Amino acid sequence: MKPASFEYHRPASIGEALKLLAEHRAEAKLISGGQSLVPMMNMRLASPAHLIDINDLSELAGVKKRGDLIEIGTLTRHHEVASSSLAAAHCPLVSQAASTIGHYAIRQRGTLGGSLAHADPAAQMSLVARTLDARITLASHAGERELASVEFFEGAMTTAIRPDEMIVRVGFPIQQPGERSAFKLFSRRHGDYAIVSVALVVGMQEGRVARLQLGVGGASPVPIRLDRALDDFLGKVPDAGWVESMALASYHAITPEESTRIPAIYRKELTQTLVSQALNELLAEQEMEPA
Ligand SMILES: Cc1cc2nc3c(=O)[nH]c(=O)nc-3n(C[C@H](O)[C@H](O)[C@H](O)COP(=O)(O)OP(=O)(O)OC[C@H]3O[C@@H](n4cnc5c(N)ncnc54)[C@H](O)[C@@H]3O)c2cc1C
């Protein structure tokens with residue numbers, strides 16, 4: 001199918017893009033990588049009267065370190081995030097997750113901001129943003145506001161972005177000394193959206209677990225953090241029993257919706273397996289470290 005007709009705009013500045021958004025509001029859609037929006041327009045699931053192409057706004061792309069954050073511009077392609085040495089050094093979970101998105105061609109065009117705005121429940125970058133408590137900066141003609149990821153994702157394909165706003169950048173807290181991270185996903189075919197994915201940060205202090213951040217994607221309309229289920233696992237020296245119990249706790253902590261295609265129990269068991277794999281990977285890395 002072909003998209004419904006629309007007026008195409010290609011602003012040369014952020015100010016111009018924001019002016020167009022303020023003028024056309026819900027009648028307009030931004031296009032960045034086009035990897036999700038173009039198929040939706042072709043299927044007429046989206047029919048914006050105005051398409052605002054932000055691909056000339058190069059100031060919206062790039063990875064920077066600013067204080068305790070790795071700041072990534074909205075227009076940064078997934079492959080740039082995946083290959084950024086700055087992200088790998090200070091926020092490895094972000095680059096690890098970006099490298100698993102779709103296929104190479106999709107990573108060449110798809111952008112961080114486009115992925116967060118699209119808000120697919122199984123999207124890698126949404127899960128990492130939620131797990132790390134990323135800060136998402138939105139701009140409108142009235143100025144900027146910053147949202148925590150927990151406020152940003154409101155439901156499946158639904159976010160707190162107002163019709164006159166655009167994402168401009170995302171701040172991910174940098175990894176602290178003693179912290180390690182792992183990202184695991186399962187999809188039926190290579191390159192497909194994950195059925196379930198998990199993102200994990202474990203912070204160690206004097207051989208004991210001092211900090212845990214565990215996020216699960218694909219098991220609910222928005223990615224979730226399993227904070228309450230993890231309290232019992234803090235302060236412990238991690239071993240095989242600890243791994244097994246925490247993986248089981250993650251099984252009990254999630255309540256996926258029943259579906260005829262993918263039963264809830266399947267997502268629960270997948271979560272348990274992926275959490276176990278992620279924890280074992282981190283434990284093995286720790287054992288390999290010189291004392
Ligand atoms: C075959 C295929 C497989 C894929 N597999 C995966 C996968 O495994 N994991 C995954 O996470 N994704 C996957 N994707 C999606 C891909 O990651 C997209 O890049 C992403 O979802 C959307 O990013 P985009 O830059 O292409 O956005 P676009 O398609 O341009 O836009 C998507 C939405 O975001 C809005 N938008 C864009 N930029 C902004 C902004 N700055 N501020 C506010 N709103 C904005 C648009 O208006 C639109 O509503 C896949 C896509 C395809 C086609």
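## Basis of the model

Residues are numbered from 1 along each chain as its sequence is written, and side-chain values use heavy atoms, with hydrogens and water left out. Because the model is predicted, local features need pLDDT of at least 70 and side-chain atom pairs count only at pLDDT 80 or more, while totals for chains, interfaces and linings use all residues.

## Two domains

The protein chain is assigned domain 1 (61-173) and domain 2 (180-288); these bounds come from an automatic or database domain assignment. Taken over C-alpha atoms, the centres of domain 1 and domain 2 are 21 Å apart.

## The interface

Contact (heavy atoms within 4.5 Å) joins 24 residues of domain 1 to 26 residues of domain 2. The two domains bury about 1,900 Å² between them, with 64% of it on carbon and sulfur atoms. Buried area here is the accessible area (1.4 Å probe) that two parts lose on being put together, summed over both. Of the area that domain 1 buries against domain 2, 29% is supplied by Pro121, Leu127 and Thr131, more than by any other three residues.

One salt bridge crosses the interface of domain 1 and domain 2, a salt bridge being a side-chain nitrogen of Lys or Arg within 4 Å of a carboxyl oxygen of Asp or Glu. Asp133 and Arg225 form a salt bridge whose closest N and O atoms are 3.3 Å apart. Helix 5 (92-98), helix 8 (124-131) and strand 8 (153-155) each give at least two residues to the side of domain 1 that touches domain 2. Helix 8 provides the largest share of that side, six residues. Helices (H or I, at least four residues) and strands (E, at least two) are DSSP runs, numbered from the N terminus.

## Around the ligand

The ligand is surrounded by 29 residues, and the closest are Leu30, Gly34, Leu37, Thr111 and Gln124; a residue is counted if one of its heavy atoms lies within 4 Å of the ligand. A polar backbone atom of Gly34 is 2.7 Å from an oxygen atom of the ligand. On the side-chain side, an N or O atom of Thr111 is 2.6 Å from a ligand oxygen atom, and a polar atom of His78 is 3.1 Å from one.

## Salt bridges in the whole structure

The whole structure holds 15 salt bridges. In one of them, Arg10 pairs with Asp56, with the closest N and O atoms 2.9 Å apart. This pair links distant parts of the chain, 46 residues apart. Arg10 is in the loop between strand 1 (7-9) and helix 1 (14-24), and Asp56 is in the loop between strand 3 (50-53) and strand 4 (63-66).

Definitions and conventions. A polar contact is a pair of N or O atoms within 3.5 Å; within protein, one must be able to donate a hydrogen and the other to accept it, and residues adjacent in sequence count only if both atoms are side-chain atoms.
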